[in-house]
Amino acid sequence: MSTADNADNTSSKKPVKLQAVKGMNDVLPVAGIHWENLEMLLREWLSAYGYRLIKTPVLENTALFRRGIGEVTDIVEKEMFSFVDRLNGDELTLRPEFTAGIARATIEHNLTYAAPQRVYSMGPVFRHERPQRGRYRQFHQLDVEALGFSGPDIDAELIVMLSRLWREMGLDDVRLEINCLGEASERLAHRQALIAYFEANADQLDEDAKRRLHSNPLRILDTKNPAMQELANKAPRLSEFLGDESRAHYEGVKSLLNDAGIQYIENPRLVRGLDYYNLTVFEWITDRLGAQGTICGGGRYDGLIEVLGGKPTPAIGFAIGLERLLELYLEVNQPDDMPDLDIYVVHQGEGTARRAFSLAEELRDAGFAVVLHAGGGSFKSQMKKADVSGASMALILGENELANGTVMAKLLREESSQHELKQDELADAVFQLLYGEGEED
Ligand code: ATP
Ligand code: MG
């Protein structure tokens, strides 16, 4: 394909070079195998806990995210891909996360009417961030939501479930941080106490802290200024403002985690980015991925469904960033990157193409994965393609075989002689060769 850059003025007809949108990646076939393997592993793991698939649209009305995520969050303030549909004026947004859409669907279809629901979804989400390693504008999440459950047991189940996943994937250095955010009224009391505390120590505040004192006093706790560390460390803690119910919930989660032998770090500064969280929040973090080390974040959002117009419905969920998880997986494991292919069919000579075509279909009927060579070429060049195809076996059909009603078989993953197989019981013979016990001839 010819290309032209914008400065090219020799011809106005040259097509502009088309490229993917910045921060949005193509997944090419070799990586595609890794994605498929990861997704398969995830689906098996999810079904072991009874989670079922839910799919919601990639596009939602912008109002859903404004209300569901919160106006003063990073996502809503600066990360959403929002636009007006020029055909009808609708204000739409590419989903920046799954929870709001799933909550909307829960309300719209009365999903938790008869019983609580364990659901998951997987797919692309969109955030207008500065692209860098582990941070993209289109990325993928596995999102898991337990809708209609209020007890600490489900919070612990989600965490235990995640720890099983890391174990199954061979990831042994993912650490868990947890915190309890309490309820909105408790956070408000804490906030007021923080403001009072910092006001009483106003002489020690730097410029940043003064600016944040009334808009976002929590952020002062995150200060990087060494001169303010001590002040921040001695500030009132949210944990001191939790009521009995919040405390009991948190203790309930922790004791189940202790029973399950799961280690955690209590991080009082873990608040998560979205407005709707309450009680339990958690993140799983690794040091292997550079700056973007959080692979999973989640928490309870008992108020969200009501805020969106549904009946009060307690719920908790988490999202895993799949690009980050896959990168980590490939760093720790060396997974196969060959496709799961059984047979590559090579054919040459008068009349062989038609017969090869029908034999390949018969083999597929019997359950084998088969690639039929397309495009002609010498036996030698076809065999080269068979070798790199990842297939376990090549089946070769020439004019002699066609005349004799046979096929030559060659195992590609081991040194072996050729085997002559009969066409009329081909599938059985292939099965014997691939899986039969050590027969050699
Ligand atoms: P971060 O602090 O890294 O921005 P976040 O709090 O915005 O993360 P969540 O909204 O909790 O992230 O999303 C869940 C997970 O999705 C994250 O833990 C991370 O693994 C992944 N993730 C978030 N933003 C991106 C992105 N822009 N590109 C790739 N993965 C992302
Ligand atoms: Mg973010």
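The centres of domain 1 and domain 2, taken over C-alpha atoms, are 47 Å apart. Domain 1 covers 29–183 + 243–333 and domain 2 covers 343–435, with bounds that come from an automatic or database domain assignment. You're looking at a predicted model, where local features need pLDDT of at least 70, side-chain atom pairs count only at pLDDT 80 or more, and totals for chains, interfaces and linings use all residues. Residues are numbered from 1 along each chain as its sequence is written, chains are lettered from A and ligands numbered from 1 in the order in which they are written, and side-chain values use heavy atoms, with hydrogens and water left out.

**The sheet**

- Eight strands make an open, mixed sheet in the order E1-E5-E6-E11-E10-E9-E7-E8; strands (E, at least two residues) and helices (H or I, at least four) are DSSP runs, numbered from the N terminus.
- E1 (52–53) and E8 (265–266) sit at the edges with a single partner strand each, so one side of each has no neighbour in the sheet.
- E7 (residues 175–180) pairs with E8 in the parallel sense over 2 bridges; to count as paired, two strands need at least two DSSP bridges between them.
- Within that pair, Glu177 is opposite Ile265.

**A hairpin**

- E3 (residues 82–84) and E4 run antiparallel, with 3 bridges, and Ser82 faces Thr93 in E4.
- The hairpin they form has 6 residues between the strands, and Gly89 in the turn has a positive phi of about 80 degrees.

**Salt bridges**

- The whole structure has 21 salt bridges, meaning a side-chain nitrogen of Lys or Arg within 4 Å of a carboxyl oxygen of Asp or Glu.
- In one of them, Arg133 meets Glu331, with the closest N and O atoms 3.7 Å apart.
- Arg133 is in the loop between E5 (117–126) and E6 (138–147) while Glu331 is in helix H12 (residues 322–332), so this pair links parts 198 residues apart in sequence.
- Lys234 and Glu230 also form a salt bridge, at 2.7 Å from N to O, and both residues are exposed (over 50% relative accessible area; buried is under 20%, partly exposed is in between, with a 1.4 Å probe and protein chains only).

**A charge without a salt bridge**

- Glu79 lies in helix H3 (residues 74–79).
- Glu79 is buried but has no salt bridge, and the nearest side chain of opposite charge, Arg127, is 4.5 Å away (Lys and Arg count as positive, Asp and Glu as negative; His and the chain ends are not counted).
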